[in-house]
Structure formats: structure tokens, C-alpha cells
Amino acid sequence: HQAGTQVRGPASQPWWGITTMMSESGAEIALTQNRLPHAALRVGQPVELEIAEEGLPLTGLIREVKQEQEFPQVRVEFDPMPVPQYRSLVETLFCRPGQWKRWDSPGELQSLWLLLRILFRPPVLSRNFGVKALPVAKT
């Protein structure tokens, strides 16, 4: 799952990159800047991430910084997060977009009430006494 990601260290400029690997515990981000200034991002530094497409803010610690090919890569381990944020992360990782839509369906008690009402309704009350069509003979 590749996504645009913003990385921000304490009191530093934001860095933009593409998330190349991501799991529930961390992410690897290929930064789009060619070279990092000396000590801009270092191992053990706390950072804030934002997965742009999802609007998902995350915090963590840098575990590895390496210069591969032309773009620097940063590996971040996520901090423990609250349940709603964790739920959003899991949806981002494992679900197709729009897979878990909310449906406005009746709850358990309302469903039980509808079933009982249908079961005990006399057939006479459910008949339609409106206008009935009559068959017409062809001439």
C-alpha cells in the first residue's frame, strides 16, 4: 500500500515521502528529497507522521535512516495508539476502500418487534381491499 506521507521531527521542517512498506507496528518511507541535511532525521528521534490519503496522524520513533539509490529511506516504529486510531490504521492496511460502509438497518429489538408483528398479524388485516382488475375477453 503506497501512500503519500508527511514526516515531521521536533522543531524541523516537514519531509514528504511515499510509504513503501507499512504494518500495524511501523512504516518505511522513501523521502522525495534527494539528500537529507546532516542530522535532519536521526535514529531514536521522535517523529509525527500523517498518511495524507487517509488523514491518519501517527507518532513514533525513527529506527533506521539509510540512503538507498537516490532517495533516503526512513523506518519508523509507531508509538502505542488509542483504539479509534488503531482501528483506522487497520482499515487502511487491510480493507478495500468503502468495504465497511454503515447500513441503516434496524437493531436487534426492533427486528424482533417486526418479526412478531408479522407473525401474529391476522391474514384478514393484511389483505388489500382496493380495486381489483377484471379479466377482459378479446373480441
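Residues are numbered from 1 along each chain as its sequence is written. In this predicted model, local features need pLDDT of at least 70, side-chain atom pairs count only at pLDDT 80 or more, and totals for chains, interfaces and linings use all residues, while side-chain values use heavy atoms, with hydrogens and water left out.

**View 1. Three salt bridges are counted.** A salt bridge here is a side-chain nitrogen of Lys or Arg within 4 Å of a carboxyl oxygen of Asp or Glu. Side chains of opposite charge can pair when their charged atoms come close.

**View 2. Arg-75 pairs with Glu-28 in a salt bridge.** Their closest N and O atoms are 2.4 Å apart. Arg-75 belongs to strand β6 (residues 71–78) and Glu-28 to strand β3 (residues 26–31), so the pair ties together parts 47 residues apart in sequence. Strands are DSSP runs (E, at least two residues), numbered from the N terminus. Glu-28 is buried, at 7% relative accessibility. Arg-75 is partly exposed, at 34%. Buried means under 20% relative accessible area, exposed over 50%, and partly exposed in between (1.4 Å probe, protein chains only).

**View 3. Glu-77 forms a salt bridge with Arg-63.** The closest N and O atoms lie 3.1 Å apart. Glu-77 sits in strand β6 and Arg-63 in strand β5 (residues 56–68), so this pair links parts 14 residues apart in sequence. Glu-77 is partly exposed, at 39% relative accessibility. Arg-63 is partly exposed too, at 42%.

**View 4. Lys-66 forms a salt bridge with Glu-64.** Here the closest N and O atoms are 3.9 Å apart. Lys-66 is partly exposed, with 24% relative accessibility. Glu-64 is partly exposed, with 29%.

Note on methods. Helices (H or I, at least four residues) and strands (E, at least two) are DSSP runs, numbered from the N terminus.
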